[in-house]
Amino acid sequence: MRPAAIRNFLLLASSLLFAGLSAVPQSFSPSLRIGPGAACRLSRAESERRCRAPGQPPGGALCHGRGRCDCGVCICHVSEPGVFFGPLCECHEWVCETYDGSTCAGTCHCGRCKCDNPDGNGLVYGKFCECDDRECIDDETEEICGGHGKCYCGNCYCEAGWHGDKCEFQCDITPWESKRRCTSPDGQICSNRGTCVCGECSCHDVDPTGDWGDIHGDTCECDERDCRAVYDRYSDDFCSGHGQCNCGRCDCKVGWYGKKCEHPRSCPLSAEESIRRCQGSSDLPCSGRGKCECGKCTCYPPGDPRVYGKTCECDGRRCEGLDGTVCGGHGTCSCGRCVCDRGWFGTLCQHPRKCNMTEEQSKSLCESADGILCSGKGSCHCGKCICSAEEWYISGELCDCDDRDCDKHDGLICTGNGICSCGNCECWRGWNGNACEIWLGTDYP
């Protein structure tokens, strides 16, 4: 071969090699360094470009702020094994663990739930794969909601004239007649305490143990809870144990009077003065935690030293987390408030003042899925969100919950017998019900 031909062949071969390397994906970067400790073959700008998420402008966070960029390759922070991973450290396992306190119902992949739909029908879905529309399939017809309704997140919503868990029963009266029969005297459907099924009210009975329950009547117009004083929850009594409950109203025994027969006629104080003395600075007699009788409070549960004070204003249970630990093990409880040890702060002394994270690491743990820090309702400290104290009802790991959504009873969120956790009441031991209003524990001494 002539020298000129050899030269042309080498030029052609090198051109093809260069074109081939240009076509290699940027994630594949063979021999960007000639050897260990050698200089990077990429310019600084190119190296950083490869470590930056697509669409981010120059100067944006490298490796999502969760690692360092080494010659175009992200080295993720691994202070905790498996916390950050992915080509650009974009994956974070905890995102899959935010539904109902448990891991996603599907497969966690790069911090996102991938729902298991082996048949490819898409019946399992939701951000956390929490919805399973297979529960709506009628066993006999194998149709969703029997073909007479629509399924939303595993629950059937039936067409007019059909009812049942899977819309399997047909009603023999018109929808208008069904509604008329279920309308209570105050104009509400089932008094807003039940569900109308084919002209009959199915009351939302809150008593899990009784046959009759607290809510009853043809149109659920009777609510026996209206007869229960705060302290009646610890017994089977109604009307403070001094009267008879008739459809939510107390008929008092001789010698007693008041809306709930709570005031003895032998007391020299008026009912209003008695309640005023029991209220103190609270809106409720005995702070909603005890029995007011002739201006004096008896705190409940009886024999529980955590609830005390002239008006039962101190509740040590408020210093406890769901696991029962007082002030997170980093403080002492004083009248229902935590006094934190040096180096700790927070409602339950759950935040350390000293932080071993960089600011970028900390912020990355406080960002919600839309990239907003603490949902815009709090500040970030050491990877934990501290929700705004001005809005007392804001809570949650990312300040994304509203405690006003928690059920109330006797004017208290969770009836004072539990903790509001992201809109749901987490009841203390012995309590049950949507608002922790039902006592199912053992008798107190």
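In this predicted model, C239 and C250 form a disulfide with their sulfur atoms 2.1 Å apart. The torsion about the S-S bond of C239 and C250 is about -95°, so this disulfide is left-handed. The pair links distant parts of the chain, 11 residues apart: C239 lies in the loop between β16 (222-223) and β17 (243-246), and C250 in strand β18 (residues 249-252). C239 is buried at 0% relative accessibility, and C250 is buried at 16%.

C190 and C201 also form a disulfide, with 2.1 Å between the sulfur atoms. Its S-S torsion is about -90°, so the bond between C190 and C201 is left-handed. C190 sits in the loop between α3 (175-182) and β13 (194-197) and C201 in strand β14 (residues 200-203), so the bond ties together parts 11 residues apart in sequence. C190 has a relative accessible area of 0% and is buried; C201, at 16%, is buried.

A disulfide joins C366 to C380, S to S 2.1 Å. Here the torsion is about 70°, so the disulfide of C366 and C380 is right-handed. It connects helix α5 (residues 359-366), which holds C366, with strand β29 (residues 378-381), which holds C380, 14 residues apart. C366 is buried at 1%, whereas C380 is partly exposed at 23%. The structure has a count of 30 disulfides.

Turning to aromatic residues, the whole structure contains 1 aromatic pair. The ring centres of Y152 and Y157 are 5.6 Å apart and the planes lie at 65°, over the 60 degrees required, so the pair is edge-to-face. Y152 is partly exposed, with 47% relative accessibility. At another ring, that of Y393, the charged end of R404 sits over it, 3.6 Å from the centre.

Key: Residues numbered from 1 in each chain as written. Predicted model: local features only at pLDDT ≥ 70, side-chain atom pairs only at ≥ 80, totals over all residues. Heavy atoms only, no water. Phe/Tyr/Trp six-rings, centres within 6.5 Å; stacked < 30°, edge-to-face > 60°. Buried < 20%, exposed > 50% of the residue type's maximum accessible area, 1.4 Å probe, protein only. Lys NZ or Arg CZ within 6 Å of the ring centre and 35° of its normal. Disulfide = S-S within 2.5 Å. Helix = DSSP H or I, 4+ residues; strand = E, 2+ residues; numbered from the N terminus.
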